[in-house]
Amino acid sequence: MKRFPLWHLALLAAICLIAYANTLSGAFLWDDDYQIIRNPNVHSLEKIPEAFTQPVWGFAAPGEVNRSNFYRPTQTILYSLAYWWAGLDPVPFHVIQITLHVLATLLVYLVCIELGLTGALALLATAIFAAHPIHSEAIAWLAATPDLACGVFYFGALFAFLRSKSGTDAKWLIVSAILCFLALLSKEMAITFPLLAFALTFRPGEQPLPLAQRLRIVIPFAVVTAIYTALRFNALGLLVTVHTPTTLSIFDWVTLGIQVFGRYIWYALIPFPLLAYHQLPVHFSDRAVPTLVALASILGLAALLWRYRQRIPQAAFWSAAFPLMLIPVFYLKGISTAVMADRYLYIPSLAAVIVVVTILATLLPKQVLWVGWSLVGLFILGSIARNRDWRDAEHIWAATLDRDPEIGTLQTSMAEILMKRGDDVNAARRLNQALDSFNSGRYSILPDEYYRVHVALGAVLARSKSFAQAREHLEMARTLAPKGDWPYLYLGGISMEADNDVPKAIEQFQTAIKFGPLNDVAHDYLGIAYFNQGRFQEAKAAFEEALKINPTSQDARTHLDMAVRSLQQPTPSTP
């Protein structure tokens with residue numbers, strides 16, 4: 001292995017810490033609420049074996065297959081270790097995130113060295129990767145643990161493959177295949193590694209090999225991919241599931257993919273403006289101009305790289321590797337209504353930084369270091385600023401909606417935050433903005449989005465005593481999702497408050513629990529109903545169940561204290 005100064009590794013680790021240390025104060029947000037706080041599978045190390053036989057969302061709907069496309073045992077293992085370390089304190093989870101990024105960064109440096117970059121250029125390329133603001137989502141958001149873990153194993157597999165000298169060293173080839181398997185267990189993005197390994201046998205400067213030998217090199221990766229596929233099929237039932245219900249023409253899908261690819265190129269090079277939710281119009285007629293601009297940009301860059309392929313062969317090769325690494329994210333039907341995400345660039349950004357540094361070194365050989373390190377400085381500042389947006393749900397939603405107020409799903413999320421604060425007026429305004437966005441027909445919308453809006457409007461109207469209108473929205477929500485838990489919860493609240501029909505309320509709360517066993521609020525409301533009937537022991541059990549699901553629920557904790565006191569005193573107070 002080529003020699004390199006050890007202080008390079010120390011400097012790169014320091015850059016990671018400087019750029020991302022402020023993520024340590026971040027809260028649980030968005031998917032973290034269910035994947036960590038309410039996920040019993042990560043609250044015990046004994047549950048780890050189940051991670052290999054269930055989808056990552058399996059805990060939310062036991063026995064249901066095809067709930068998601070996500071089979072990620074590594075995610076569950078890392079969450080379990082963090083919970084074992086310090087329970088529901090977010091800091092250990094964030095420590096793991098930063099540690100994974102440091103490891104990935106050091107492996108990127110080793111890859112650059114193996115690729116033949118000089119020590120100075122390898123250090124520069126890796127420093128750009130380490131500080132890149134596009135990684136803020138992957139590092140600051142705990143639900144993005146799979147991207148970081150996959151990156152570590154993917155880059156480790158790449159380093160080992162390069163050390164194998166295109167498969168001639170069997171020991172390193174086996175190590176590479178094992179690391180590829182671990183990357184697959186972390187996230188689906190690793191499915192591209194066998195293709196990359198095959199492409200690397202054509203890398204500029206490599207000794208020409210017969211096609212049969214090139215194919216033999218890929219055999220170990222084919223074997224581990226087959227094992228992964230079998231495990232995935234066993235857990236999910238199907239290999240992929242369609243998540244986007246929109247019916248589009250082939251032309252719409254192809255042009256949407258072109259625009260998405262153009263945006264990925266932009267963010268890999270110029271990480272601004274970053275969004276937590278990328279919502280694009282699905283029909284070409286609604287996005288013709290940006291799509292054509294993206295197409296022209298892609299073709300222009302491709303033409304330039306082709307023209308100068310002899311002068312900068314490494315840049316040309318890694319430019320081709322960039323879309324190869326992105327292949328899984330172009331299954332747009334299987335992602336979500338957000339057709340792209342910043343975190344999906346965590347692995348492909350390796351190719352991007354190699355391209356940038358090799359081009360700079362060729363075109364600006366005397367200025368490459370000061371230009372490159374100036375970029376590193378700007379990226380560090382950009383990452384620190386972006387991390388502040390990710391410190392909690394309210395800030396990241398607000399920052400995203402400031403740039404794109406038409407993201408209906410985030411308007412609903414902001415409304416839910418405002419409702420918890422008691423600001424029902426602004427919550428209702430946000431919900432109506434969400435409905436306007438959904439009804440525009442410009443975007444792909446899941447039925448669940450309409451369901452959330454009607455549930456929230458029903459809750460807001462119920463709190464203002466407009467019970468008849470509240471019931472209309474909640475019944476609409478129940479029509480959209482017959483097995484949805486929240487409509488029954490709020491209908492139960494109306495039965496208890498407006499009709500003084502506590503038995504009916506209890507029945508509705510129990511139905512909510514049946515359809516949403518992880519709904520701690522339903523258990524809390526059920527406890528209140530029991531409490532109001534003087535059934536304090538049952539109320540206590542309901543409040544305890546709510547806290548078991550969500551240990552951070554202050555309402556359930558307060559109500560549990562009241563139930564306990566009432567069991568000890570003859571005259572209870574009302575929660």
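Me: Hello! Are Arg343 and Asp147 buried or exposed?
Reply: This is a predicted model with residues numbered from 1 along each chain as its sequence is written; local features need pLDDT of at least 70, side-chain atom pairs count only at pLDDT 80 or more, and totals for chains, interfaces and linings use all residues. Side-chain values are based on heavy atoms, with hydrogens and water left out. A residue is called buried under 20% relative accessible area, exposed over 50%, and partly exposed in between, using a 1.4 Å probe and protein chains only. On that scale, Arg343 and Asp147 are both buried.

Me: How far apart are the closest N and O atoms of Arg343 and Asp147?
Reply: A salt bridge here is a side-chain nitrogen of Lys or Arg within 4 Å of a carboxyl oxygen of Asp or Glu. Arg343 and Asp147 form such a bridge, and the gap between their closest N and O atoms is 3.9 Å.

Me: Which parts of the chain does that pair link?
Reply: Helices (H or I, at least four residues) and strands (E, at least two) are DSSP runs numbered from the N terminus. The two residues are 196 apart in the chain, with Arg343 in the loop between α13 and α14, and Asp147 in helix α7 (residues 145-163).

Me: Which residues make up the salt-bridge network that includes Asp147?
Reply: The structure holds 20 salt bridges. Some of them form a network that links Asp147 and Arg343 with Glu137 and Lys187.

Me: How many residues in sequence separate the parts tied together by Asp520 and Arg38?
Reply: The side chains of Asp520 and Arg38 meet in a salt bridge at 1.9 Å, N to O. Asp520 is in helix α23 (residues 520-532) and Arg38 is in the loop between α2 (32-37) and α3, so the parts they tie together are separated in sequence by 482 residues.

Me: What is the N to O distance between Asp499 and Arg471, and how accessible is Asp499?
Reply: The side chains of Asp499 and Arg471 form a salt bridge at 2.5 Å, N to O. Asp499 sits in the loop between α21 (486-497) and α22 (502-515), and Arg471 in helix α20 (residues 467-480), 28 residues apart. Arg471 is partly exposed at 28% relative accessibility. Asp499 is partly exposed too, with a relative accessibility of 42%.

Me: How much space lies in the second largest pocket?
Reply: On a 1 Å grid over the protein atoms alone, a pocket is an open set of points with protein on both sides within 12 Å along at least five of seven lines, whereas a cavity is a set where a 1.4 Å probe fits but cannot get out; lining residues have an atom within 4 Å of a point. Points are joined across faces, edges and corners, and a volume is the space filled by probe spheres set on them. For the second largest pocket, that gives about 660 Å³.

Me: Which residues are closest to the centre of the second largest pocket?
Reply: The lining has 26 residues. α14 gives the largest share, 7 residues. Those closest to the centre are Leu301, Leu305, Ser319, Val355 and Ile359.

Me: How many residues of that pocket's lining are nonpolar?
Reply: Ala, Val, Leu, Ile, Met, Phe, Trp, Tyr, Cys and Pro count as nonpolar, Asp, Glu, Lys and Arg as charged, and the others, Gly among them, as polar. The lining has 2 polar residues, 2 charged ones, and a nonpolar group of 22.

Me: What is the volume of the largest cavity?
Reply: There are 4 cavities of 30 Å³ or more. Residues lining the largest cavity include Asn41, Glu50, Phe59 and Thr76. Its lining divides into 4 nonpolar, 3 polar and 2 charged residues. The volume of the largest cavity is about 70 Å³.

Me: What is the omega of the cis peptide bond from Phe272 to Pro273?
Reply: Most residues other than glycine have a negative phi, and most peptide bonds are trans. Pro273 lies in the loop between α11 and α12. The bond from Phe272 to Pro273 is cis, with omega near -5 degrees.

Me: What is the phi of Asn500?
Reply: Asn500 lies in the loop between α21 and α22, and counts as exposed at 63% relative accessibility. Although Asn500 is not a glycine, its phi is positive, at about 55 degrees.
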